[in-house]
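Subject: Structure handover and notes

Dear colleague,

Please find below the structure that I am passing on to you, followed by my notes on what turned up in it. I would be grateful if you read the notes with the model open beside them.

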Amino acid sequence: MAKSISWRGVNDAKIQVYPASGTWTDILNVVSVTASPTVTKVEQRGDDAKVRDWYHSPAGTLTIACSSINDDLIVMTQNDPERTISSQQYGFYNTNKSLTPQTVSLQWTINAYDEATGATTPVVFYCPKATASNPQPLNFNEAVGSFEYQFDMASSANLVNGNALPGGLTKIMFYHVIG
């Protein structure tokens, strides 16, 4: 039986180099996570009628918004370490090394409220395989600053831990574990 849950906010998010290294790096000050899966639909027509729809090429975007710049995440996603030049720390964005970004695994956690029992339980979402896109523009204004990291999700034949998918599944983009 499916659970009915509700939630508010994101408690935590982490990233690791793909394939799973087992070492997760915390993504600091996460404000929101947005997973936007897509699939291409092609209508097949014949004899002046619709025959069927074909669905293919699953893709998607994962956006993580933070209220601060996370140096470790910039280094990992941009495939370009920070440098100290004349005792000043430099972070570089959209460099030639950014054109070959790291493939990573991501996880984020929410606290869910079980509608049936009234209990609060963590729900962890996983994206086994994603490629870091260039970071979105920094937002400088009177309010708290924000920074978005964007990832192109890719289909994976394995769970984050490397295990095969269960129940005859052959590809996934992301999944969740309750409890």
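To begin with a single side chain: is Glu43 buried, partly exposed or exposed? Glu43 is partly exposed, with a relative accessible area of 41%, where buried means under 20% relative accessible area, exposed means over 50% and partly exposed lies in between, using a 1.4 Å probe and protein chains only.

Before going further, please keep in mind that this is a predicted model, in which local features need pLDDT of at least 70 and side-chain atom pairs count only at pLDDT 80 or more, while totals for chains, interfaces and linings use all residues. Residues are numbered from 1 along each chain as its sequence is written, and side-chain values use heavy atoms, with hydrogens and water left out.

The overall picture

Read from the N terminus, the order of the elements is β-β-β-β-β-α-β-β-β-β-β-β. Of the 179 residues in the chain, 30% are buried. Taking contacts (heavy atoms within 4.5 Å) between residues at least 6 apart in sequence, 59% join residues at least 24 apart.

Salt bridges

The structure holds four salt bridges, each being a side-chain nitrogen of Lys or Arg within 4 Å of a carboxyl oxygen of Asp or Glu. Glu43 takes part in one of them, with Arg45 as its partner and 3.0 Å between the closest N and O atoms; Arg45 is exposed, at a relative accessible area of 51%. Lys14 and Asp12 form another, with their closest N and O atoms 3.8 Å apart, and here Lys14 is partly exposed at 26%, as is Asp12 at 23%. Asp53 and Lys50 also meet in a salt bridge, at 2.8 Å from N to O, and this pair joins a buried Asp53, at 15% relative accessible area, to a partly exposed Lys50, at 44%. Lys41 belongs with these two residues in a network of salt bridges.

Tyr175 and its surroundings

Tyr175 is found in strand E11, which covers residues 175-178, and counts as buried because its relative accessibility is 19%. Beyond its neighbours within four places in sequence, Tyr175 is in contact with Val124, Phe125, Tyr126, Pro128, Leu159 and Val160. The side chain of Tyr175 reaches the backbone nitrogen of Val160 at 3.0 Å, whereas the C-alpha atoms of Tyr175 and Leu159 are 8.6 Å apart, with 16 residues separating the two in sequence.

Cysteines and loops

A search of the whole structure finds zero disulfides, a disulfide being a pair of cysteine sulfur atoms within 2.5 Å. Cys66 is buried at 1% relative accessible area, and Cys127 is buried at 0%.

Most residues other than glycine have a negative phi. Asn29, however, has a positive phi near 55 degrees; Asn29 sits in the loop between strand E3 (25-26) and strand E4 (30-46) and is partly exposed at 44%. Asp47 likewise has a positive phi, of about 50 degrees, and lies in the loop between E4 and strand E5 (49-66), where Asp47 is exposed, with a relative accessible area of 81%.

With kind regards

Note on methods:
Helices (H or I, at least four residues) and strands (E, at least two) are DSSP runs, numbered from the N terminus. A polar contact is a pair of N or O atoms within 3.5 Å; within protein, one must be able to donate a hydrogen and the other to accept it, and residues adjacent in sequence count only if both atoms are side-chain atoms.
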